[in-house]
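Keep the sequence and the 3D view side by side as you read.

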Amino acid sequence: MPEREEMARNKYLKPIAHRFLSPELWRFTRTSVPRGVGLGLFAAFIVPLGQIFLAAFLALPLRANVPIAALVTFVTNPLTFPFWAVVANKVGRFVLNVDAAVSVGELTANQGLIAQLFETAGVTALGFVVLALVSALLGRIVASWVWRFLVARRRSQRLQVMMRKRAELHSGGDEA
């Protein structure tokens with residue numbers, strides 16, 4: 001996970017480095033973490049390169065957790081990109097309903113290779129936009145639920161410890 005000072009020294013972020021040093025962008029709170037997850041997923045799918053910088057820039061005005069936003073962008077990386085490109089193409093085709101509108105035989109007969117390439121690229125780009133929006137929304141919702149679950153579990157554990165200590169105190173006081 002990138003550190004505050006490391007990101008502040010980055011040559012691309014230098015003009016706004018003073019904003020990165022704001023402690024509120026580096027705290028793990030119930031609002032900043034889900035924002036960071038959603039923002040990181042959005043940046044991961046919307047831009048093929050430079051997702052970390054996009055997530056960091058967008059985290060500033062949205063008051064999202066910068067390290068989480070930067071970390072979540074790694075869902076798309078050079079190893080997983082081919083998988084996500086295929087998924088984005090399928091999502092784009094589903095959204096546009098391309099296969100139902102035009103059969104594959106018609107495409108090869110009526111269009112050249114370059115036209116098919118542009119059509120595939122456009123469909124895939126639309127799929128990445130849909131993936132960015134949907135994954136950002138779902139990521140934020142799931143992160144919020146996980147955050148609430150973890151906080152509730154921690155509170156329950158603290159309460160049990162307090163109850164045990166209280167019981168020990170009362171039982172110890174009765175014996176004396």
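A contact here means heavy atoms within 4.5 Å of each other. This is a predicted model, in which local features need pLDDT of at least 70 and side-chain atom pairs count only at pLDDT 80 or more, while totals for chains, interfaces and linings use all residues. Residues are numbered from 1 along each chain as its sequence is written, and side-chain values use heavy atoms, with hydrogens and water left out.

With that in hand, turn to asparagine 89, which sits in helix H6 (residues 81-96). Helices (H or I, at least four residues) and strands (E, at least two) are DSSP runs, numbered from the N terminus. If neighbours within four places in sequence are set aside, asparagine 89 touches Thr120, Val123 and Thr124. Is asparagine 89 buried or exposed? Buried means under 20% relative accessible area, exposed over 50%, and partly exposed in between, with a 1.4 Å probe and protein chains only. Asparagine 89 has a relative accessible area of 14%, so it is buried.

Now look from the other side of this contact. Threonine 124 belongs to helix H9 (residues 113-175), and its relative accessible area is 14%, so threonine 124 is buried too. Leaving out neighbours within four places in sequence, threonine 124 is in contact with Ala85, Ala88 and Asn89.

Stepping back, the protein has 9 helices and 0 strands, giving the pattern α-α-α-α-α-α-α-α-α along the sequence. Of its 176 residues, 31% count as buried. Among contacts with a separation of 6 or more, 74% are between residues 24 or more positions apart.

Next, find helix H3 (residues 32-46) and helix H4 (residues 51-62). Two packed helices are described by the angle between their axes and the distance between the axes. For H3 and H4, the angle is about 140 degrees and the axes are 9 Å apart. That makes H3 oblique to H4. Axes are lines fitted to C-alpha atoms, for helices over the stretch in contact, and angles run from 0 to 180 degrees between N-to-C directions. Angles under 35 degrees count as roughly parallel, over 145 as roughly antiparallel, 65 to 115 as roughly perpendicular and the rest as oblique.

Which residues meet where these helices pack? From H3 come Arg35, Leu39, Phe42, Ala43, Ala44 and Ile46, and from H4 come Gln51, Leu54, Ala55, Leu58, Ala59 and Leu62. They divide into 10 nonpolar, 1 polar and 1 charged. In this scheme Ala, Val, Leu, Ile, Met, Phe, Trp, Tyr, Cys and Pro count as nonpolar, Asp, Glu, Lys and Arg as charged, and the others, Gly among them, as polar.

H3 is mostly covered, with 12 of its 15 residues buried, including Leu39, Ala43 and Ala44. In H4, the buried residues are Gln51, Ala55, Ala56, Ala59 and Leu60.

Finally, follow the chain out of H4 to arginine 63, in the loop between H4 and helix H5 (66-72). Most residues other than glycine have a negative phi. The phi of arginine 63, however, is positive, near 55 degrees. At 46% relative accessibility, arginine 63 counts as partly exposed.
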